[in-house]
Amino acid sequence: MMPPKDTKQYCYRTSPPDIFSNLPENVIDEILICLPFKDAVRTSVLSKKWKYNWCRLPELTLDRTIWTSKKDFSLFSTSEITYIIYHILILHDGPITKYILDVPRTRSCPKIDGLIYFLSMNGIQHLVLKLPLCGLNKLPSSLFTCFQLRHLTLENCLIHPPPAFDGFDRLISLELHDVTISSKFLESLIYHCPLLERLVLRIPQHLNVVEIKAPKLRSFKFTGSIQFITLKDVPLLAKLSLVDTGFVRADNFDIAMFFESFISLELLHLDNDSIKFFARAGEVVPKRLPFDLNCVKRLYLSEISLNGFKVISFALCLIRSFPCLQYLEIQVDEEDDDDYIRPTLICLEVEAFSDMTLNHLKTVKLRKISGTRPEMQLIKLLLAKSPALVTMVIDPHYTLNGRKYVKVEAEISKFQRASSKAEVLYDVYYY
């Protein structure tokens, strides 16, 4: 085939097809959703068809990457942030099902009353508000009319609902971080979310005892200074984390009553603070709970002091009461300055635990091990009582020098193992 006579003229008259303009709208929408919001807006320069496509995105994420100046990478002022928020809303077309607003530390909080009202009228289902820590950021009443909400995260907010508010009947996930809220309303809010499955609370203020009733709850994580939390009517709760708690000793607290409602609990995470609370609930720490929790498969104990008599006693009480435990992780903290804690007097010798067998324990991880006598006794006990053990990982403390490390490793190698497959590994690079 002969080429055209006027090759130069031919090249000027034809151009490659506009691939971007010919893409179906649903494909364009999927591409934009996968991009960071700032990049999604930048696609408006690709072609005329793409110019306002970002304006119909149902999911908007205005995080910290948005609030930076191109010139000197400094943060925008509060007024500039407010302008950007509302300018986007003016251009937006269609429903907004997910909206994330993460405002950096500014001197004042941007005005969000109009934003929340707009979202409440546009089908918002997933809302994240992370406001700056600059005084009390009171939430507008329109938030409590977002009845289609399924996921709600609030940070640095003052939560004070209108009298007529009766809960979010579609909410399945709730996170409250550093919020100001009353004990009474916190109880009411959780109770009036009948479909709630996931709850995360980080409450810095000191509240009274809070009772949680959530029949659909599957995961609960708490940090804060509430006097105490009671969990009732939580038959589906599978994951529970109580860390950095400021629980105050309650009169007539019944440990067994607290744990007996966890008929579906699979994962439990406690730290030294929460264990101290449970350990001090009675004059004597029980050897085990009056019942076994066969559902518990994973136990995490972080920053616990093995030098504390009641702390280690309660930790062993839990281990004894979880006969189907498969994974155990303990992070040791020997620097406990609590005068109440006295040196460990409990016997950790294997012979004293004839009533304990961990037939399902497969993995043990011990962190910040420095070779103290209680630590070595615990390692010996776990190796002797775990016939299904496959791996024990030991992360040495950074203060453990080479000579002492070799001595610790040599001593552990002599411990009797109930499992012929048990392997002890040392993560010497962890610290």
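Mentor: In the largest nonpolar core, which has 121 residues, Tyr99, Leu101, Phe220 and Phe259 touch the most other members. Such a core is a set of buried Ala, Val, Leu, Ile, Met, Phe, Trp, Tyr and Cys residues joined through side-chain atoms within 4.5 Å, where buried means under 20% relative accessible area, exposed over 50% and partly exposed in between, with a 1.4 Å probe and protein chains only. Helix H9 (residues 309-321) gives the most to this core, with 8 residues; helices (H or I, at least four residues) and strands (E, at least two) are DSSP runs, numbered from the N terminus. This is a predicted model, in which local features need pLDDT of at least 70 and side-chain atom pairs count only at pLDDT 80 or more, while totals for chains, interfaces and linings use all residues. Residues are numbered from 1 along each chain as its sequence is written, and side-chain values use heavy atoms, with hydrogens and water left out.

Leaving aside neighbours within four places in sequence, Phe259 is in contact (heavy atoms within 4.5 Å) with Leu268, Phe278, Leu289, Phe291, Leu293, Phe314 and Leu318.

Turning to helix H5 (residues 113-120), you will find Leu115, Ile116, Leu119 and Ser120 buried. They lie on the same side of H5, because they cover an arc of only 130° around the axis, the arc being that of the directions from the helix axis to the C-beta atoms. An α-helix has 3.6 residues a turn, so residues three or four places apart point the same way. The buried residues of H5 pack against helix H4 (78-91), strand S2 (98-102) and strand S3 (126-130).

The axes of H4 and H5 are 10 Å apart and meet at an angle of about 30°; axes are lines fitted to C-alpha atoms, for helices over the stretch in contact, and angles run from 0 to 180 degrees between N-to-C directions. H4 and H5 are therefore roughly parallel to each other, since angles under 35 degrees count as roughly parallel, over 145 as roughly antiparallel, 65 to 115 as roughly perpendicular and the rest as oblique. Where these helices pack, Ile85, Tyr86 and Leu89 in H4 meet Asp113, Gly114, Leu115 and Phe118 in H5.
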